[in-house]
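Work through the exercises below with the structure open beside you. Try each task before you read its solution.

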Amino acid sequence: MFWRTWRFVLALLLLIGCGDKTEVKVPDAPPAAEQVSGKPVTGDWLVIHSLSDPEQLNPLTSSDASSAEVNQYIFESLLSREPRTLEFKPYIAEARPEISNDKLSYTFKIRRDVRFQDGRPVTGEDVLFSLKVIKCPLVNAPFLRVYFNSVVDAQLLDPYTIRFVTKERYFLNESVLGQEIKILPRHYYDPDNLLKNVSVRDLLKDPQLNENVKKFADNFNKNYNRNPMGSGPYKFHRWKTGQEIELTRDPNYWGTGKPGIDQAYVDRLKFRVVNNMDAALVRLKSGSLDYMEVLQPVQHVRGTNSERFNREFKKYEYYAPTYSYIGWNNNHPIFRDKRVRQAMTYLTDRKQIVKSVLFGLGEVVDSHIYFFRPEYDKTLQSYPFDPQKALALLNEAGWKDTDGDGVLDKVIDGKKVPLRFEIKVNSGNAVRKSVALVLLDELKKHGIAASVRELDWTIFLNDVKNHQFDAVVLGWQMSTTEPDAYQVWHSSQAANKGSNAISYKNARVDEILETYRREFDAQKRIQMYKEFQEIIHDEQPYTFLYVAKRVSAVHRRFQGVEVFPDGLRPIDWWVPVTRQKYLNTVTAQ
Amino acid sequence: MGAYLLQRTLLMVPTFIGITLIGFLIMRLAPGDPAELRAAGGLGAAAGGGISVEKRGSVDEAMAQWRAQYGLDKPLHVQYAVWMKNLLTLSFGESFKDNQSVWGKIVERLPVTVKLNFWSILVVYLVAIPLGIYSATHPNSFADQATTLAAFVLFAVPLVWAATMAIVFICGGDFYYLFPPGGLESLDFSDNWSIWKKITDHAWHLFLPVVLLSYDGFAGLSRYMRASMLEVLRQDYVQVARAKGLQEKIVIYKHVLRNSLIPQVTLFASILPGLIGGSIIIETVFSIPGLGQLGFESVLARDYPTVMALFTVSAVLTLIGILISDILLSVVDPRIVFGRRLQ
């Protein structure tokens, strides 16, 4: 959920600024905008493929990607990001916040011309209310609340100025406050103003005591899940369960014509639910969908190359900021030794995997930082596919076939251990399974007995969190904005089912991760993360695999379709009057 | 008869409790944790940006809060008791997904599934019974062997494959556009349409799912029909009927058909739960928002209240279906008299 808002854009500009000695091949940056002719006009519909119904449309209590997809058109926040440069830009706020010298309080001034969809103005009261909702322990948003642990207070200095107080010096707090608070109209979500006399500090104490808070939370949890209202360019129109969600453009949108504010052109957004990918492609071809954000690789390679298809649709290929990896359980007797882990990377023919498993739609990577980020370390030497080197490393680490059974072995802790392990993957993910099988074939040739086990997602997840695995094939979302990898790599996150499931521990990395979070100087942070990546690169706790490309298909009548480092932005699209398809059916508001 | 019915109905109570208890246990003992699923947002997808998560502890705390909200922090037997207590007030609780009443969700989707299944069951019976009769009265003829072969082929074709092929070839992809590739209504469906237009639009959308849903059903049913007819045809009283010179039509339809319906009546018990059961495959492939799709999504999301509700409803309908078919048996077969056996 939150990652969706985090994977904002990255910068071509920053890349050029610091690129000299390129040793690892960095893929081409997203292509520049296509030439668009004419001035954007409003009208027509955009029918978007949605793989499943959202769970609900309350922006604070929902936690799935489909909800975020819809809500981004309805709700706005204090700050946003410039789509191409990924720099912060003020949105509901007049400017970026004033940050105190101790870096603990943030003061935002709110624009005076912002209106909710019912015409009432957005004021500091609404922003404060939205924060109270998040902080209220009775509201069903515990997982969003985690991100706001550091925020301990907020007051209105005047009706349009709000000051947030945090308890922790953390450079991403600006982003949390600026982008994660979706601003809700207080008069709509709390018509009786039950939270009026409750401060953020009160909510931290004991909200159970307050009848009003209880009443508010009950009502909020139950009655606002299918009727969202915010200040964004699209209004919620209707939701046919399991079929479609329909949004209509707000003709009185406050931001119309204002610089720096996203303009909407298409009159109606329809999110059509099609659970099955084959059926979705057929629907696209038959004209009942206009846009599929994700085509399966096989659909891209076969099935969407006919002349007819290309006359009607245009395909866009771009990197999706997610990397896949094989995680080695660093506590496992075999994988405790970094030489074994390095050997495994040498044995993984990653180029071949990209070629055969992904149909070439991907790029081999050697770091967990997105390659378009300035933090990315371009000096890393990629591990080639080199079985000889791998065997030499294994030998050096003491792995030899002493008993002639065809499997390497070694005495560890006084016990003879064969080089045998299991790679776990989640069932239903053909790509991950193929990755494991490619590796398996290679390992067999060199006396390493590995096997693959497929598990149902929830069982798999359970095993991973409980460190019940030798090796796993998995993926992580990468941040397209300022990364913070604390959660994945800090040793404290190895305990208690944290995200450091492979139990990676390195004192220097811990130190970097901690100081990085407190550092407000971007250049210094970049230097820290370069050192961090070098350590990871040497220790190979993961074998990094690839960043895959995504292929989207958009109907050609839409203009202004551009690939941003973060993907496509349907909000910018428009259709020339002569090509509008649903012209007659639009009813005026 | 009355006493028998009473006894049967009373017996349904412990059976029902047993069924729900087992269902509850299977669901809860299966691995997977709804809180964990939510917290992870999918471990494989979650962000590299660990925003202000000082310790994993805070996430654990969030999960504990979430569990407490839905009473999942209590021991299993207490949870079952609470569930049962709610059931007595006819409440299935609220969905984990959106806090809406589960009953409301079922009611919302029920018409779709019933519509789909009603037509397909009707088609199944209308096709299977005559086909079975024809096969049985013309044993080993070419037509019999052809229908036998066809029935077995259809029976063996996986539904998901057939559905996908249908969508790819006749739903407007690169080939023919005879039917819509799923959904219930056209994109431009509007409430202002005339009744007739609405009905034809619905029928056009339902046609393919109904056909697909029917084909493997009638393959099986026509075999049963054929077998039970043949069985009866070999009986002595059929010989007698023929010997005394009755017309073949009367022999077949008055004596043979009626007697061979007894096994069909037993099969009838499955119709009631079948009506609401929904087909996960068809509803998912064709994106039809019925109970099958709801059940499937709920299992994946470990939405316990919804899963339990669907399970309970179909358990109740199965029990009722069995009861009805037992009663019907005594109607079609006068030899079966329940009441007397009890005395």
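Two residues are in contact if their C-beta atoms, placed from the backbone, lie within 7 Å. Keep in mind that this is a predicted model.

**Exercise 1. Contacts of a core residue**

Task: Find which residues have the most contacts inside the largest nonpolar core, then list the contacts of Tyr546(A).

Solution. 
Step 1. The largest nonpolar core has 201 residues. Leu78(A), Tyr323(A) and Tyr546(A) have the most contacts inside it.
Step 2. Helix H8 (residues 195-233) of chain B gives the largest share of this core, twelve residues.
Step 3. Set aside the neighbours of Tyr546(A) within four places in sequence. Tyr546(A) then touches Tyr323(A), Ser324(A), Arg350(A), Ile353(A), Val354(A), Leu358(A), Gly362(A), Glu363(A), Val364(A) and Val365(A).
Step 4. A second, separate core has eleven residues, including Phe24(B), Trp83(B), Phe96(B) and Leu310(B).

**Exercise 2. One partner from that list**

Task: Decide whether Ile353(A) is buried or exposed, and find what it contacts.

Solution. 
Step 1. Locate Ile353(A) in helix H14 (residues 350-356) of chain A.
Step 2. Count the other C-beta atoms within 10 Å of Ile353(A): there are 21. The cut-off for buried is 20 or more, so Ile353(A) is buried.
Step 3. Leave aside neighbours within four places in sequence. Ile353(A) is in contact with Val435(A), Val438(A), Leu545(A) and Tyr546(A).
Step 4. Now take the C-alpha distance from Ile353(A) to Glu396(A): 27 Å, for 43 residues of sequence separation.

**Exercise 3. Positive phi**

Task: Say where Lys103(A) and His467(A) sit in chain A.

Solution. 
Step 1. Lys103(A) is not a glycine, yet its phi is positive, about 60 degrees. Lys103(A) is in the loop between strand E4 (98-99) and strand E5 (105-109) of chain A.
Step 2. Lys103(A) has 16 C-beta neighbours inside 10 Å, so it counts as partly exposed.
Step 3. His467(A), also other than glycine, has a positive phi near 60 degrees. His467(A) is in the loop between H17 and E18 of chain A.
Step 4. His467(A) has 17 C-beta neighbours inside 10 Å, so it counts as partly exposed.

**Exercise 4. Where the chains meet**

Solution. 
Step 1. In chain A, 65 residues are in contact with 56 residues of chain B.
Step 2. On the side of chain A that touches chain B, H10(A) gives the largest share, six residues.
Step 3. That side divides into 28 nonpolar, 28 polar and nine charged residues.
Step 4. For the complex, the predictor gives an ipTM of 0.79 and a pTM of 0.83.

Key
Residues numbered from 1 in each chain as written. Chains lettered and ligands numbered in written order. Predicted model: local features only at pLDDT ≥ 70, side-chain atom pairs only at ≥ 80, totals over all residues. Helix = DSSP H or I, 4+ residues; strand = E, 2+ residues; numbered from the N terminus. Nonpolar A, V, L, I, M, F, W, Y, C, P; charged D, E, K, R; others polar. Core = buried A, V, L, I, M, F, W, Y, C linked by C-beta atoms within 7 Å. Buried ≥ 20, exposed ≤ 12 C-beta atoms within 10 Å, placed from the backbone.
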